[in-house]
Amino acid sequence: MATERYPHLKVTDPTVYNLILQQEALERSTLKMIASENFASFSVLEATGSPLTNKYAEGYPAARYYEGNAVIDEIEDLAITRLKALFGAEHVNVQCLSGSPANQAVYRAVMKPGDKVMGIPVSEGGHLTHGWKVNFSGKDYLQVPYGPNPETGILDYDQIREIALKERPRMIWCGTTAYPRTIHYDKFAEIATEIEAYLVADIAHISGLIAGGVHPNPVPYCDLVSSTTHKMLRGPRSGFILSRVEDRYQQKYYADSKLNLAKRIDRAIFPGLQGGPHMNVIAAMAVAFKEASEDSFKVYAQQVVKNAQTLGAYLQEAGIHLACGGTDTHLLLLDFRAEEFTGKDVSQALARAGIICNFNMVPGDQRKPMVTSGVRMGTPGITSMGMKEDDMKKVAEWITRVVRSIHTETAESVEKAVAAEIADYTKSFKVPGLSD
């Protein structure tokens, strides 16, 4: 007999209890294909919901501003040790509340207001915090944009070097939210070294691929690396920073400072940006890092890429165009620039049919950001459920049926039929953190 879920919440707050159950029902009966979403394990969920929520622990291990943190220090040290081993990093900070605060700490550690930063604009696959004009990073710093070729969708490293030599930014971001190809950190490192710029990799989307050994590791090439933990790493909603200890540009930018790069990162987070860390979340991070170090996770990461590439091939066979011509990662970017309907039309139709993804701009997109010509989808979630290559053929068929029915008289009936088929199909798979 299955154990009753949330028995205390059911009694004390039935409204929230029922809303959680509704969301669980959706997650069990649909395909989670938002590239930045996944399923955390029961162990991660248990640690996140533990009494560690109750403890204040401002500061760092062995240097707290509150008493009673002996056990807390062990937990944070454990998360740090496991994360260092996972990526081969010299220094890590696990107190970042999420990815954007982690990136803000990076700026605070190595930049001054008004400095130039090279980054990919959101409209071309970058992140808000890489210098986008509406974000703090674009208001406090000057973005020097670069991006993929609008025709091929691929990064041109020679062009990136030309921009860097001309603009000479203080920092370069190499990281994306909607780029399905391999990022060559060695090439970025050559460019950054030539102009003496800090190189920072934002691996929020691909940290699990790196941990699983199916994407290059940026740590040997970058001064700093930032990430979330709740995407492919299947951890709690949080973030971290990896860095070198020593600063190779200390004499150029911080000759009057006694703080090395590691210490500047730690101080940027606390007391610079945050107060007490979320120790329940840090404990859950430690759990996720342990899970990601196991051989089974490497198998999972390999399967994520196999599924994405197989799904992409089936979609291309069906006549659906993919930006960049395919994928090397967990992510697919469907390109509907040649169609009358928009990316938003597609993502909403797919959602009604039980396929959850998001509309997204593609390289060379002429439509507005709230409409777009593209759809971003990924395979981490459905791979966590246990789906493999054979299942991708079925997923591609559902996507194609829905897309081909958009703006036709049969659209509603097709969407309802696909939603019912998916709800029935998912019954044979276990959802991590939800299935008993």
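Leaving aside neighbours within four places in sequence, Ile172 is in contact (heavy atoms within 4.5 Å) with Met118, Phe188, Ile191, Ala192, Ile195, Ala197, Tyr198, Leu199 and Val200. The model is predicted, so local features need pLDDT of at least 70 and side-chain atom pairs count only at pLDDT 80 or more, while totals for chains, interfaces and linings use all residues. Residues are numbered from 1 along each chain as its sequence is written, and side-chain values use heavy atoms, with hydrogens and water left out.

A nonpolar core is a set of buried Ala, Val, Leu, Ile, Met, Phe, Trp, Tyr and Cys residues joined through side-chain atoms within 4.5 Å. Buried means under 20% relative accessible area, exposed over 50%, and partly exposed in between (1.4 Å probe, protein chains only). The largest such core has 63 residues. Ile172 is among those with the most contacts inside it, together with Phe87, Val94, Tyr185, Phe188, Leu242 and Phe289. Helix H12 (residues 279–292) gives the largest share of this core, ten residues. A second, separate core holds 36 residues, including Leu315, Leu332, Met377 and Met387. Helices (H or I, at least four residues) and strands (E, at least two) are DSSP runs, numbered from the N terminus.

Helix H8 spans residues 185–195. Its buried residues are Tyr185, Phe188, Ala189, Ile191, Ala192 and Ile195. Seen down the axis, they fall within an arc of 165°, so they line one face of H8. The arc is that of the directions from the helix axis to the C-beta atoms. The cover over these residues includes helix H7 (157–167), strand S7 (171–174), strand S8 (198–202), helix H9 (207–211) and helix H10 (250–253). Glu196 follows H8 with a positive phi, near 55°.

Helix H14 (residues 343–352) buries Gly343, Val346, Ser347, Ala349 and Leu350. These residues also lie within an arc of 165°, so they line one face of H14. Strands S12 (355–356), S13 (358–360) and S14 (374–378) are among the elements that cover them, as are helices H16 (389–405) and H17 (411–425). At the start of H14, a side-chain oxygen of Thr342 reaches to within 3.3 Å of the backbone nitrogen of Lys344. Gly354 follows H14, and its phi is positive, near 90°.

Aromatic rings of Phe, Tyr and Trp (its six-membered ring) pair if their centres lie within 6.5 Å; planes under 30 degrees apart count as stacked, over 60 as edge-to-face and the rest as tilted. The count comes to 17 aromatic pairs. In one of them, Phe297 and Tyr300 have ring centres 5.5 Å apart and planes at 55°, so the pair is tilted. The two residues are three apart in helix H13 (residues 295–317), separated by about one helical turn. Phe297 is buried at 1% relative accessibility, and Tyr300 is buried at 6%. Ring pairs also link Tyr107, Phe136, Tyr141 and Trp173 into a cluster.

Most residues other than glycine have a negative phi, and most peptide bonds are trans. A cis peptide bond joins Phe270 and Pro271, with omega about 10°. Pro271 sits in the loop between helix H11 (261–269) and H12. Arg168 has a positive phi near 50°. Arg168 lies in the loop between H7 and S7 and is partly exposed, at 47% relative accessible area. His407 has a positive phi of about 65°. The loop between H16 and H17 holds His407, which is exposed at 60%.

Key. A polar contact is a pair of N or O atoms within 3.5 Å; within protein, one must be able to donate a hydrogen and the other to accept it, and residues adjacent in sequence count only if both atoms are side-chain atoms.
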